[in-house]
Amino acid sequence: MILTVNHVTTYEYDAPMRAAVQSLRLFPSRFDGQRTIQWSVEVEGGTRGGSFRDGAGDKVEGWSIRGPVSAVTISVSGQVDTADTAGVLRGHRESVSPLAYLRETTATWQSAEIRDLAQKAAKGATDALDRAHRLSNAVAEAIAYRPGTTTAHTTAAEALAQGEGVCQDHAHALIACARVLGMPARYVSGYLFAREDGEPHEAAHAWAEIWVENIGWIGFDPANQCCPDARFIRLGSGLDAREAAPIKGVAQGEGAERLDVTVALEAVQQ
Amino acid sequence: MTEYFNEMYEGGKVREPYRRLEDWTKAMPAELRAMKQAEAEALFRRIGITFAVYGEGGDPDRLIPFDMFPRVFTQTEWRKLERGIKQRARALNAFLLDVYGRAEIVRAGKIPGRLVFQNEAFERAVTGFTPPRGIYSHIVGIDIVRTGPDEFFVLEDNCRTPSGVSYMLENREIMMRMFPQLFRENRIEPVDGYADALRRTLASVAPSKCDREPNIGILTPGHYNSAYYEHSFLADLMGVELVEGADLFVEGGFVWMRTTEGPKKLDVIYRRIDDAFLDPLCFRPDSMLGIPGLMDVYRSGGVSICSAPGAGVADDKAVYTFVPEMVRFYLGEEPLLNNVPTWQCAKEDDCKYVLEHMGELVVKEVHGSGGYGMLVGPKSTTEQIEAFRAKVAAHPENYIAQPTLALSTTPTFVQEGIAPRHVDLRPYCLVGEKIELVPGGLTRVALKEGSLVVNSSQGGGVKDTWVLAE
């Protein structure tokens, strides 16, 4: 499937800032499930810094913007040819040991409820792959998809306690559960073209990857109760949402920030 | 009663390296000694060399007590130590390069992967990046204790930013000023080449994008930091910039320093702040000390950071037990310096032994430093031991234990005259294009009678450390 992406993020400040610095993880991963046809990332009025591919295989690029800055606009556009790999991250080059993804973070803190959910869900599982699927289903059941009920700082434990959340909360909860069982797990950020029911879903998306011995990293999307397929574009990963964030930035100054994001995905008719 | 090795007197006789010092002390009446001690303290105060101790209250600018009685090594003793220290520094660097790369040592089953990859000091963010010359730790501080004429043991490794080298240099400076005749009578190897050697080391690891004489800066958290004196002292000696995070910014893939003549590119940063505070975009988002975007510049080859972020994983006290294995694995050599035998409470059998023998052992927190969070069994009360036993039983994986070592003593000036006090040694090994070690180091002395804890935060002092020329 050929997907066209247009993603514009604008930070507006009510008072001009002295300077801004960004670290962008906004480039499609290289693996068997996707091939980049064309891709461009621009920061209006900014200076491009160094770029590199990290040990997890993500491309990262630094940008800086000299002050006074009253708005920062990051524009991403491009085309990616995607294929369904049944969620398996095949052909992805990375050097980090999966064992590095067993660490707890604030967002993926393992509360008693998280531990309980993980252990109950795993009961009767035939193997690691089955266990991962059961965990993903259990998280989808335990946390209803309800936008606006959580924030960027909500932890997995909090989302589980209130029983509702968005894709970020689903991913965090699944990661925390997998780590309870000693399975390395990580947060993945990217784009999703449409929802399972065919309704257009024009937004940035997030899911989880779980390490399954003898297969490798496999994506699970509890929010849509599926594994990532040709409708997904994978950008980057990390221990949690904060680490995997496609855009990390710091602006120096006293102004308050207002964020505006538009993401448009279209499938090219072939 | 434990027998302690006295570095000056052995079997009632004065050991060779201390021969001339005996005459020196005999010729010094008590009043003169008191006068000299007061003079030394005044000098230290005037220079401004003080050391703040956290969590103890009192005067944050109090002096580390300086003991005028030098600690002496023969050339033969030092050569042996030097070979062992350099070997260890090479092995530790090879380990760091490996675990942030293919981790062959883990694949070979020589060290458990969880100990490395689940370690808090393991920085996933730098995997796959090779720093210039493949060096992670450019200044390796190796803490060494002695238990006999030929018995030396490594207590711990400090691959991040070992402090205290300014004391090594100042102690010498002050001894030379106060007792010039001592330096005429004894042929003592100089230590003042340290600053040049450090500068050479830092310059030799300039990033690939730097095509001229590199600009070097020392990054300090600021003057509230306990080691701020050392940061400014070293910057002065080397003739390099002393900077804080707010003085720096990133642009176009480089790090720039704000100056009155406009921005100046900085190529090598000798950082004296922890990984967590280096860059709010990569590590702790609330850090006010670091430089946003620094890690992106570092990982794209625009600046060098010494020590490299992530070096701390080699300092871990549980990883420490595997250093002899690293020497064999990477260098194909037998370790010249031994580790202290260590029980890892994470292992069930070891933990059982530790809980049963707590009163005889030194028990340490795996991530602790500075003498905090440790128990010296033989020197503790029953209540202290019981309190610690509960902590170990609750979180065994956080603790290791070692036998109480019979640390050597050297003569030390005390209220009543001269008395033996326990000492350790921290040499500073420099790793760059070459591996260099100035002949000397920081000797720390436990000033309290019978105390085995030499940390300055626990009432330790310092001494000038001599290596005699042949």
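Author: In the largest nonpolar core, which has 205 residues, A:L174 and A:C177 touch the most other members. This is a predicted model, in which local features need pLDDT of at least 70 and side-chain atom pairs count only at pLDDT 80 or more, while totals for chains, interfaces and linings use all residues. Residues are numbered from 1 along each chain as its sequence is written, and chains are lettered from A and ligands numbered from 1 in the order in which they are written.

Reader: What makes a set of residues a nonpolar core?

Author: Its members are buried Ala, Val, Leu, Ile, Met, Phe, Trp, Tyr and Cys residues joined through C-beta atoms within 7 Å. Buried means that 20 or more other C-beta atoms, placed from the backbone, lie within 10 Å of the residue's own. Helix 3 (residues 75–99) of chain B gives the largest share of this core, 10 residues.

Reader: Which residues does A:C177 touch?

Author: Leaving out residues up to four places away in sequence, A:C177 touches A:I114, A:L117, A:A118, A:A121, A:L135 and A:V139. These count as contacts because the C-beta atoms, placed from the backbone, lie within 7 Å.

Reader: Why are strand 8 and strand 9 of chain B called paired?

Author: Pairing asks for at least two bridges found by DSSP, and 4 bridges join these antiparallel strands, so they pair. A strand itself is a DSSP run of E with at least two residues, a helix one of H or I with at least four, both numbered from the N terminus. In this pair, B:F249 stands opposite B:W256 of strand 9.

Reader: What sheet do they belong to, and what makes a strand an edge strand there?

Author: The sheet is open, with 3 strands in the order 8-9-10 and antiparallel pairing, in chain B. Strand 8 (248–251) and strand 10 (264–266) of chain B each pair on one side only, and these are the edge strands.

Reader: How many residues bring chain A and chain B into contact?

Author: 22 residues of chain A are in contact with 26 residues of chain B. Strand 3 of chain A supplies the largest share of the chain A side, 5 residues.

Definitions and conventions: Contact = placed C-beta atoms within 7 Å. Buried ≥ 20, exposed ≤ 12 C-beta atoms within 10 Å, placed from the backbone.
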